[in-house]
Amino acid sequence: TDAGRHWEKVSPDLTRENPAVPPTLDALTAKDSPVAGPRRGVVYTIAPSPVRDALLWCGTNDGLIWKSVDDGRHWDDVTPRELSPWSMIDMLEASHFDADTAYAAVDRHRLDDIRPHIYRTKDGGKSWKAIVSGIPAGSYVNVVRDDPERRGLLYAGTETGVFVSFDDGDHWQPLQLNLPNCSVRDIAVHGGDLVVATHGRSFWVLDDLAPLRELAPKIAAAPAWLFAPREAIRFHPGAFQGTPFPKDEPAGENPPNGAILDYFLKTSSTVSVAIEIVDGKGETVRRYASDDKPRPPDVSRIVVTPDWVSPAQPPAATAGMHRVVWDLRYAPAKGIPVSPFLGAAGLLAPPGRYTVRLTAAGTMLTQPLVVRRDPRIKATDADLAAEFDLARQIQDDRVRVSAARAQADSIRKQLAALKGKATGNASAEVESFTKKLDAIAGPPPASPEEDFFAEPPIAQETLRRLATSFQQLARAVESADAAPTPDLLSGYRQRHQTLSQTLPRWEALLREDLPRLNESLMASGLTVIKVE
C-alpha cells in the first residue's frame, strides 16, 4: 500500500499441493527434472473487482480459481468442477457491472486440448458456465475482457485472433478485420479504443468502439444507420512532420486525426451515399459523397512525392460497415491554387457543436458531434473562434486575388499565342498592355515553387505578391491554437487595404485597356483577347 516499498503476504500458496504429472508427459520426460518432488504451479492472474472493495479473484497455471472478499485475509476455492490439474487459468476478468460476475479464460493446449475454454460465473463462483459458442476448435483462449461501458459486451483473445460477444458470452463472432491471424495474448479497453497485444505480430489498436457499443438487432435490420460519433479532439498538426517513411519501412500507424464517423448499409446502394458535416448555423462545413471523383495529384505542379498529397477516398456505397474520418477542416476554397508542398487544405474548424448527416437508402439520418479543443492548450474556445474568423476573412481575400490572377494567366496565354503575329499599331498595343498587365498582376513565376521558397523583388501591391503574402499570413494564423496576435490583425488590415486598391486597378485594366487592345487586334485581323 506504499508504492512497493514494503510488502505483506495476503494468501497462502494457492497452487495445487500435488498436481501429479501432466498426462501429456511420458515417464522419461517427467523424470527428467532438476527439482525433486512434485512440480508446483504459480499464481498466474489476479483480478480485483472494479465494483466492490476488497474483492479479489486469483487463478493459477495448474487449474485453480480462488476468491477473497476481504483483501486476501481469507480465500475460497471456487474452481469449476470440470477443470483438471494443469489447466492454465490464463486470465480472469471481474465484471465492471456486477460483483458476483467474473470470467475465466482457460488454456489447456499443454494437455493437447486445443478447444476454446471460457467460463462465466454470476453467483460469485458457486457455479460456472462454459461460454464458447461460435469460437472454433483450435482457437484456444488466452484472454477475455469485459467492456467497461456496455454490459454484456465481451472481447476474447485466442490463438487465432479476436472474437466479440454481444450477449455476455453466450455467442461469439470474429472481430478480425485486418488483424494478422496470430496468437492474441492480451486485450485492454483504453478509453474508447481496443488495444490488442499479439505474440510476435506487434500491438494493434481498434480506434473508437462506439459502433460496437451501440450495435443492436434493430441496427442490423435497418436499411442504413449512422452511429453516434464520440467527441473529436482538435489536435493541431505540426507544421512539418519530417520526411515520410518509405513504403517498405516498418512503422506504427497513428490514429486518424479528426472525427471518426461510422455508418452501416444493409445492401449496396445504386445512388450516391453522402455524409455532410453541418455547423451550428446550419452551414455545410464538409460534404463527402460516394460518387466523388478523387483528383490525383498534378505531378506537373507538385514538387514532392504524390504520397504526401494523396487524396482522401470517398465513402463507400457497398453493403456493410464503413468509416469516414473528417479531418476537422472545411472544404478547400474553390479558386485558391493548390500549394506545391501543402496540397489543398480548408480552414480548421473551431470547437463547437456540429451535426453529421448521412443520406442513404432513401433516408436522411443525423447525429450530433462535439469538437473540443486540445486539453493541453491555454487558449479558450472564444480565442479559437476569433482565430477561425480571421482565417476565413483571409481566405475570402485569397479567393478574390486568385480569381484575378486566373484571369491574368488566361490573358497571358492568349497574348503568347499572338507572339510574332501582331505588327505595327497592334504590336505596340500588345506591348503596352503587357507592361500594364505585369505592373498590376506581377510577372509570372519561373517555377511553381518560386513563391513558396523565396520573396522575389516584386511590388507589394501586385496580385502575385498579394497572393503569396496572404498565403503566408494564412499559414501564420493557423500555425498555433491561439487568439490572433496584434501583429496578425494589423498585417491583415494592411493587406486588405492594399487589395482594395489593387483590384480596382485590375478591373479598370479589363474595362478600359483591354477593349482598346481588342480594337487594335480586330483591325489587324487577329483573335481578340477574351476574359473568362
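Okay, let's start with Asp146, which sits in strand 9, residues 141-146. Strands here are DSSP runs of E with at least two residues, and helices are runs of H or I with at least four, numbered from the N terminus. Before I go on: this is a predicted model, where local features need pLDDT of at least 70, side-chain atom pairs count only at pLDDT 80 or more, and totals for chains, interfaces and linings use all residues. Residues are numbered from 1 along each chain as its sequence is written, and side-chain values use heavy atoms, with hydrogens and water left out.

Back to Asp146. What does it have around it? Asp146 is buried but has no salt bridge, and the nearest side chain of opposite charge, Arg151, is 7.6 Å away. Buried means under 20% relative accessible area, exposed means over 50%, and partly exposed is in between, using a 1.4 Å probe and protein chains only. For charge, Lys and Arg count as positive and Asp and Glu as negative, while His and the chain ends are not counted. A polar atom of the Asp146 side chain does lie 2.8 Å from the backbone nitrogen of His96.

Now, salt bridges. The rule is a side-chain nitrogen of Lys or Arg within 4 Å of a carboxyl oxygen of Asp or Glu. How many salt bridges does that give? The count comes to 33.

Take Asp170 and Lys129, whose side chains meet at 3.8 Å, N to O. Asp170 is in the loop between strand 11 (161-165) and strand 12 (173-174) and Lys129 is in strand 8 (residues 129-130), so this pair ties together parts 41 residues apart in sequence. Asp170 is partly exposed at 29%, and Lys129 is partly exposed too, at 45%.

Next, look at helix 4. Arg400 and Asp397 form a salt bridge there, at 3.1 Å, N to O. They are 3 residues apart, about one turn of the helix. Arg400 is partly exposed at 38% relative accessibility, whereas Asp397 is buried at 2%.

For contrast, where is Ala345? It's in the loop between strand 21 (320-326) and strand 22 (352-360), and it is exposed, with a relative accessible area of 51%.

Methods. A polar contact is a pair of N or O atoms within 3.5 Å; within protein, one must be able to donate a hydrogen and the other to accept it, and residues adjacent in sequence count only if both atoms are side-chain atoms.
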